[in-house]
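Here is a friendly walk through one chain, its partner and the place where they meet. Have the model open beside the text as you read.

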Amino acid sequence: MAITTVRLKATDGPPNVEIVVGQSQFGKYEIQLFDTDGRNPVVIGSGLSHDQLPDNFQIDGNAATLNQRFLSWSANLIPMGNERNPRFSFTVHIRQNGQDVPGSPIATQGPLPGPRAEFGFVKMEVV
Amino acid sequence: MTLHRGPLTAVIAFAVAIGVATRAEAGQPTAAAAAAPAPGQGAGPAPPRALDKKGLELEASKRKLKDSDVDLTVPESPAFVAIGLSPDTIIRPATPREFATALLNGVDRQGHFQTGVAVDVVPYLVWQGSQVDLGTYRRSTMTQILSRTSTSFATTKGAGENDPSVKLAAGVHATLFDSEDPRLNNDSLLQCYSEIPVFPINAVPQTDDEQRQLEIERDKFQREELIPRVDECREQFRRKARWNGTSWIVAAATTWVSSTGLAGDLDSGSQSYWSSASYGFDGVPGLREHAQFIGHVRHLSNELVVDQDLPGGQELRDTTFVGGRFRAGTNSFGLSFEAAYLRMTAAGRPTDTATRLAFTAERRLAENLWLNISFGGDSGADPANTKGMSVLSAFKYAFTREPSLTVP
């Protein structure tokens, strides 16, 4: 699995990460920020797809300090309905000034016959 | 547990009232019956001939309601039902691209419809499903309806080997309300799911080997932790759907016929409408777990019926069916009351109506021994019958190993 690179602008302010668990399935997720070596994770956000809390999180600080750092997400996806062919959709938006940055969104979708542990990474490049 | 005698008595009284009030309508042609055949039904039916008394009786005898399937369900894929198709393979597109491919495969480059196509799709989820999270679904009634509205398309070949005609159908099915929707009213289950930790990621994989190792660990987590804990939650908290939920479902379908098989030669055909509403006595102590009423109506218009016994061998027919069923019971006792009304109109002959009442009760006498008693009657579909229904036209009892009613 190749790690996607997203490009941030140093002058565009702190980026925002939004998670969308689609197809009305249950989702619990956690977002982590790593250093440039891909170590020392720090949880910057977590949430549930069914509550009323917003599912977007701002990465505080100067965007320039995020250069070459990694972002990860890990989620439990569980089918909720009784459809014949349940599906999942998991989308990560990384935005600056309300707009998806180049490389975003990162979307995954497919059948969801049973519980699924979904994860992924992006590398942030600041220009 | 015992049944409430009050409502039961009322139901039986209601049944008798319906039977007495029912009248056959032989000899009263309707406006629909007098209407000219709609275009698009092939060559159209031959001019109707007058039926003599014997002919009327022959026709009527075919329309006894008791011979019909008193089916109160709404078809999930109405297009397939509208053209009498039971497809082995149904294409269920999950993405806009798959949907477009399915449509393109339905017509060849010369504009001929391909036969045997059966597509069933939920358009809202195909185009907007990635934006619909569970919280939005639970809060928005319109989102629930759109997420449970499917459309179906189907094509089938004409009857004869050398018949180039193609019949097409399009239908829509919508669940407007469902008290047993598993995404709603399942807070304990959601809370249990919420307590399951996510797969921990301690480092970003830098090599392909590290990546593969992480995926192996993920698969192990999924297999040994996530799935077992989800199963535990379901075992402990999943709200068992009531057999007698409250719901409202509607469906409609329309057909077209292309006598040449070309997309440019389409003529309209029949239209079908279905609606079923069930009431599970929500919030009514004593009945909430044990009783349900289902009301159903369906109408089929411009149906081309081919039958060598019909005048001219075929006719255009409109059919309306209204039915209701009350079921109640416990694990040792059950009862069912069913009423149905069927009305058929066709040009050139009297309107046919038929009614049916049926009552069934059963009692478990011992393990694997049930006493089943039923009685009921049919009326109509008989030109001589203008006196309403004889309620006790049939009575039977039997001892069976299994209950015949589907109440718990």
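Read along the sequence, chain A runs β-β-β-β-β-β-β-β-β-β, where helices (H or I, at least four residues) and strands (E, at least two) are DSSP runs numbered from the N terminus. In total, chain A has 0 helices and 10 strands. Its radius of gyration, 15 Å, is close to the 14 Å that the globule rule gives for 127 residues, so chain A is as compact as a globular protein of that length. The radius is taken over C-alpha atoms, and the rule is 2.2 Å times the number of residues to the power 0.38.

Before going further, a word on the model: it is predicted, local features need pLDDT of at least 70, side-chain atom pairs count only at pLDDT 80 or more, and totals for chains, interfaces and linings use all residues. Residues are numbered from 1 along each chain as its sequence is written, while chains are lettered from A and ligands numbered from 1 in the order in which they are written.

Some overall values for chain A:

| Property of chain A | Value |
|---|---|
| Box filled by the C-alpha atoms, along the principal axes | roughly 45 × 30 × 25 Å |
| Buried residues, of 127 residues | 46% |
| Contacts joining residues at least 24 apart, among those at least 6 apart in sequence | 73% |

Here a residue is buried if 20 or more other C-beta atoms lie within 10 Å of its own, exposed if 12 or fewer, and partly exposed in between, with C-beta atoms placed from the backbone. Two residues are in contact if their C-beta atoms lie within 7 Å.

A:Asp12 counts as partly exposed because it has 14 C-beta neighbours inside 10 Å. Leaving aside neighbours within four places in sequence, A:Asp12 touches A:Ala63, A:Gln96 and A:Asn97.

Now to the partner chain. The contact between the two takes 33 residues from chain B and 42 residues from chain A. On the chain B side, helix H7 (134-139), H9 and H10 are the elements that give two or more residues, and H10(B) provides the largest share, 7 residues.

Helix H9 (residues 187-194) of chain B has B:Leu189, B:Leu190 and B:Tyr193 as its buried residues. They lie on the same side of H9(B), because they cover an arc of only 100 degrees around the axis, taken from the directions from the helix axis to the C-beta atoms. These buried residues pack against strand S3 (26-34) and strand S6 (70-78) of chain A, together with helix H10 (208-237) of chain B.
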